[in-house]
Amino acid sequence: MQQHETEVLLTENLQLSSAFLERIVTITCFFPRQELYAYRNPIHLLLINDGQNMEELGLAGILSEMLTADELAPLACVAIHSARDRKVEYGTASSTDYMGRGAKAGAYAKFVLEELMPFISATYGMASFASKSFAGFSLGGLSALDIVWNHPQEFLRVGVFSGSLWWRTRALENGYQEETDRIMHAQVRAGGYYPWLKFFFETGTQDETMDRNNNGIIDAIDDTLGLVAELVAKGYNRQKDIRYLELKEGRHDIATWACAMPVFLKWGWGR
């Protein structure tokens, strides 16, 4: 176990063995110091995919600065390090994509709910949390959204940074139909309405260059706005329930997501 402590934040790496994933999973935990909050009341929990990137993203510094400025409600973050081949565990549990990627997405969801959550509670002596949320980047963002959407009783918020919302059942050259073949969009369309759920989406204008329908809008933005439209059609309020952040010159990279992270944190847990 590696541990680092500042005046406001305790950061430590832990490991747990997952029967569902058949591997040792490393997690990086960021907890506000007990001396400050004493955990008198349940604190909020944010799970984050691609935890191996949190040092480059600078999450500890972002959290420390915001906690020091008293800008955040007490929030603990647990960043889950991905497998070597993240395209196996990240995806949508209901089905793989057209190339068979995401074959262990269902197992990953079970790991989060049945192994990780009890481990966090036991390790930090917390029977419950004020709220639970999930966030991720790129394919990790799709994974977070898929887990939250399919287990709404467990979560309150989801953050999707440059989400791989293009995830589809059919290749473009094999008769792809935007209206039916985007997996996450179809799930939302067929799913229920859970009025407590809140959604944060970030895209960058330079996330990619592809524009499969030649409408002048890159696919990353098109797919995200399409998913937002599905949520609105389902009953979610565009102003109250959904935050869409489009960063000019934003790219599909950690530096861009680091810029968006404080906005996400203030949106979800700002005082």
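Two strands pair if DSSP finds at least two bridges between them. Keep that in mind for the opening part of this talk. One caution as well: this is a predicted model.

Let's start with the strands. Take β8, residues 198-206. Where does F199 find its bridge partner in β9? The partner is I242. Strand β9 covers residues 242-251. β8 and β9 are paired in the parallel sense, and 7 bridges hold that pairing. How does the chain get from β8 to β9? It passes through helix α9, residues 219-234. This β-α-β crossover is right-handed.

β8 has another neighbour to mention. That is β7, residues 157-161. β7 and β8 run parallel and are joined by 5 bridges. Here G159 faces F200 of β8.

Now the inside. How many residues make up the largest nonpolar core? The count is 52. Five residues have the most contacts inside this core: L47, I120, F134, F199 and F201. Helix α5, residues 105-124, supplies the largest share, with 8 residues. Look at I120. Leaving out residues up to four places away in sequence, I120 touches F31, L45, L47, V78 and F129. There is also a second, separate core. This one has 30 residues, including V8, L9, L63 and F161.

On to the aromatic rings. A pair of rings is described by the distance of the centres and the angle of the planes. The model has 20 aromatic pairs. I'll show two.

The pair Y108 and F111 is tilted. Their centres are 6.0 Å apart, with 35 degrees between the planes. Both residues lie in helix α5, 3 residues apart, which is about one turn of the helix. Are Y108 and F111 buried or exposed? Both are buried.

F199 comes back in the next pair, this time with Y236. Here the geometry is edge-to-face: 5.0 Å centre to centre, 80 degrees between the planes. This pair links distant parts of the chain. F199 is in strand β8, while Y236 is in the loop between α9 and β9, 37 residues apart. Why does F199 count as buried? Its relative accessibility is 1%, and buried means under 20%. Y236 is buried too, because its relative accessible area is 2%.

Ring pairs link F137, F161, F200, W257, F264, W267 and W269 into a cluster. You have met two of these already: F161 in the second core, and F200 opposite G159.

Last stop, R168. Where is R168? Find the loop between β7 and α7, where α7 is 178-181. R168 is an arginine, so is this residue buried or exposed? R168 has 9% relative accessibility, so R168 counts as buried. Its list of contacts is D97, Y98, Y176, D181, R182, I183 and R212, again not counting residues up to four places away in sequence. Consider D181 from that list. R168 and D181 are 13 residues apart along the chain, yet 5.2 Å separates their C-alpha atoms.

Y176 is worth a look as well. The charged end of R168 sits over the ring of Y176, 5.7 Å from its centre. Y98, also touched by R168, has an arginine over its own face. That arginine is R101, at 5.7 Å from the ring centre.

That's the tour.

Note on methods: Residues numbered from 1 in each chain as written. Predicted model: local features only at pLDDT ≥ 70, side-chain atom pairs only at ≥ 80, totals over all residues. Heavy atoms only, no water. Helix = DSSP H or I, 4+ residues; strand = E, 2+ residues; numbered from the N terminus. Right-handed = clockwise from strand over helix to strand, strands pointing away. Core = buried A, V, L, I, M, F, W, Y, C linked by side-chain atoms within 4.5 Å. Buried < 20%, exposed > 50% of the residue type's maximum accessible area, 1.4 Å probe, protein only. Contact = heavy atoms within 4.5 Å. Phe/Tyr/Trp six-rings, centres within 6.5 Å; stacked < 30°, edge-to-face > 60°. Lys NZ or Arg CZ within 6 Å of the ring centre and 35° of its normal.
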